Structure formats: structure tokens, C-alpha cells
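Please look over the sequence and the structure below before reading on, and keep both in view as you go through the report.

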Amino acid sequence: MSDQPALEVIDVSVSFGGIHALRNVSLSVAPGARVGLIGPNGAGKTTLVNCVAGGLKPNEGDVRLYGRSVAKLSAPLRARLGIGRTFQNLELFGSMSVLENVTTALDVPMVGIPRRSRAREDRARAALAAFGLEKYAEVPAGALPYGVRKLVELSRAFVRQPRFLLLDEPVAGLSEPETFLEALVDGLDRLGCAVLLIEHDMPTVRELCSQVYVLDSGAVIADGTFAEVARNERVVTAYLGANVD
Ligand SMILES: Nc1ncnc2c1ncn2[C@@H]1O[C@H](COP(=O)(O)OP(=O)(O)O)[C@@H](O)[C@H]1O
Ligand SMILES: [Mg+2]
């Protein structure tokens with residue numbers, strides 16, 4: 001079991017009517033690895049995320065979590081098997097405290113911790129500490145700056161101790177990505193789980209990811225280290241252009 005990749009996407013194809021959103025896409029994320037997924041708008045990134053963490057069932061191919069096929073399962077069942085995700089649009093409860101926001105992430109039957117238990121609060125506080133958020137525990141989430149709320153969103157994914165984490169553009173819209181990135185790296189180091197990062201911010205991808213896949217028009221056009229894909233002609237033409245120094 002431990003030899004299996006954390007995530008394997010095998011020859012996945014998805015079409016919406018006549019549009020081929022994904023064509024025979026294959027990728028794999030080793031246990032503990034952090035892998036990036038980049039590509040222009042419309043490339044199929046969100047479709048791939050939904051094939052992995054959402055309820056989207058591919059027309060062809062398979063998606064496996066530590067060797068087990070999840071391609072035909074509902075999103076809640078995939079979460080139960082250990083797939084965590086964050087959302088590009090924050091899904092926090094603004095009037096609730098940061099601590100409550102994180103504890104309610106455990107309010108799903110499958111996590112199996114009784115409501116209002118001490119263990120539940122301890123876990124939530126540990127998840128906050130992983131991202132340096134202890135000092136905000138009692139503050140209403142809605143009163144915090146955007147960057148801090150993004151970290152709270154990460155704590156909500158983290159507290160469930162996923163075996164595989166999908167990060168959907170965590171840096172988008174941040175005014176100080178560097179500070180956020182530091183906290184993100186710290187938290188991920190503590191969690192230690194495999195990560196697939198979808199991100200347009202190239203310094204973040206370069207910093208976080210040991211390997212990068214590039215999607216264009218529904219197909220993987222390159223993969224390798226950040227440095228390798230950044231000098232790949234097809235990638236530069238399709239996506240990076242002059243974006244990368
Ligand atoms: N629910 C849908 N119905 C029809 N077409 C869709 C749907 N979702 C995505 N598409 C199309 O599939 C392609 C890939 O989209 P998407 O996965 O959102 O790309 P990305 O996230 O890389 O911007 C686009 O051409 C998009 O218009
Ligand atoms: Mg998208």
C-alpha cells in the first residue's frame with residue numbers, strides 16, 4: 001500500500017457536449033510530494049480538480065488514491081477517504097470565530113469525533129497553530145484580512161488530516177504572497193501529506209513544487225522540475241511567455 005502513489009490520474013478524458021475539457025490526461029503524485037499543475041485559462045485545470053476531489057466522473061480513465069479507484073465516488077466519499085481541498089472562493093462563516101470555523105470542519109459524520117469534545121477543540125487549535133493563527137482563535141473570521149482568512153481556510157482542510165491535499169490557487173488575490181507562502185510552507189511541512197497545487201503565481205510554484213505538470217487545451221504538454229518546464233518551448237508559447245524571469 002505504501003508503495004502506491006498518493007494520487008494517480010490515468011488516461012482521464014472528460015467532454016462536455018462537444019468540448020474536450022481533458023484528453024487522456026495522466027499524472028501522478030508520490031506520497032509526501034508537492035506537485036504543481038499550471039496552464040492557461042480553459043486548459044482544464046478545474047475539470048481535473050473536480051475529477052479528483054469533486055463529484056465529476058470522467059468519461060474515460062481512472063483516478064486512484066493510494067491505489068484505490070475514486071473516479072466513480074461522490075465528493076463526500078472522496079473526502080472521507082482522505083482527499084482534502086481548499087476553494088478559490090473562501091467558504092468561511094464570517095460571524096463565527098476562527099476557532100469555530102475550524103472546529104466545524106470536523107462536523108462531518110465520517111471524522112468520528114463527538115461534537116463539543118475537548119479532543120475536537122485540541123485538534124482545531126493544533127491546526128491553527130500549524131499556520132501561526134493561535135492569536136486569532138477568538139476573532140470573527142469576517143473581521144480578518146483576506147490573507148489571514150486564506151490561512152484559516154487552509155486550517156479547515158488541515159484539521160481533517162487529509163492524506164492528499166488539493167490547493168486551488170491559494171495565492172490568488174493576496175497582496176503579500178511572500179508572508180502567506182512562509183506560513184503555507186510551515187503548515188505543509190507539519191502536515192506532510194501529498195499536495196497538488198493549482199496556481200498562476202510562478203514564484204509560489206517554484207518554491208513549493210518538486211515537479212510540475214503543464215496542461216494546455218485539455219492535454220499534458222510537459223512535465224518535470226519547474227526549471228525544466230520553464231525553459232520548454234511549448235510551455236513558453238502556450239502559457240509562460242514573458243511571465244517568468
Ligand atoms: N460544466 C461545463 N460545461 C461545459 N463546458 C465546460 C464545463 N466546465 C468546463 N468547461 C470547458 O472545459 C474547458 C476547460 O475548463 P476548465 O477546466 O475550467 O479550465 P481551467 O480551470 O484550466 O481554466 C473550457 O473550454 C471550459 O469552457
Ligand atoms: Mg479554472
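The report that follows takes up the domains, the nonpolar core and the surroundings of the ligand in turn.

## Domains and their contact

This is a predicted model, and its protein chain is divided into domain 1, which covers 1–82 + 162–245, and domain 2, which covers 92–160. The centres of the two domains, taken over C-alpha atoms, are separated by 25 Å.

Where the domains meet, 15 residues of domain 1 are in contact with twelve residues of domain 2. On the side of domain 1 that touches domain 2, helix α6 (residues 177–191) gives the most, with eight residues. The residues of that side comprise eight nonpolar, three polar and four charged ones.

## The largest nonpolar core

The largest nonpolar core has 74 residues, and those with the most contacts inside it are Leu7, Val52, Val102, Val195, Leu197 and Val214. Helix α5 (residues 146–158) supplies the largest share of this core, namely six residues. Because domain 1 and domain 2 both give residues to this core, it lies between them.

## Around ligand 1

The residues that surround ligand 1 include Phe16, Ile19, Asn41, Lys45, Thr46 and Thr47. Both β2 (19–29) and α1 (45–52) supply at least two residues of this shell, and α1 gives the most, with three residues. By type, the shell around ligand 1 divides into four nonpolar residues, six polar residues and one charged residue.

Definitions and conventions:
Residues are numbered from 1 along each chain as its sequence is written. Chains are lettered from A and ligands numbered from 1 in the order in which they are written. This is a predicted model: local features need pLDDT of at least 70, side-chain atom pairs count only at pLDDT 80 or more; totals for chains, interfaces and linings use all residues. A residue is near a molecule or strand if its C-beta atom, placed from the backbone, lies within 6 Å of it. Helices (H or I, at least four residues) and strands (E, at least two) are DSSP runs, numbered from the N terminus. Ala, Val, Leu, Ile, Met, Phe, Trp, Tyr, Cys and Pro count as nonpolar, Asp, Glu, Lys and Arg as charged, and the others, Gly among them, as polar. Domain bounds come from an automatic or database domain assignment. Two residues are in contact if their C-beta atoms, placed from the backbone, lie within 7 Å. A nonpolar core is a set of buried Ala, Val, Leu, Ile, Met, Phe, Trp, Tyr and Cys residues joined through C-beta atoms within 7 Å. A residue is buried if 20 or more other C-beta atoms lie within 10 Å of its own, exposed if 12 or fewer, and partly exposed in between; C-beta atoms are placed from the backbone.
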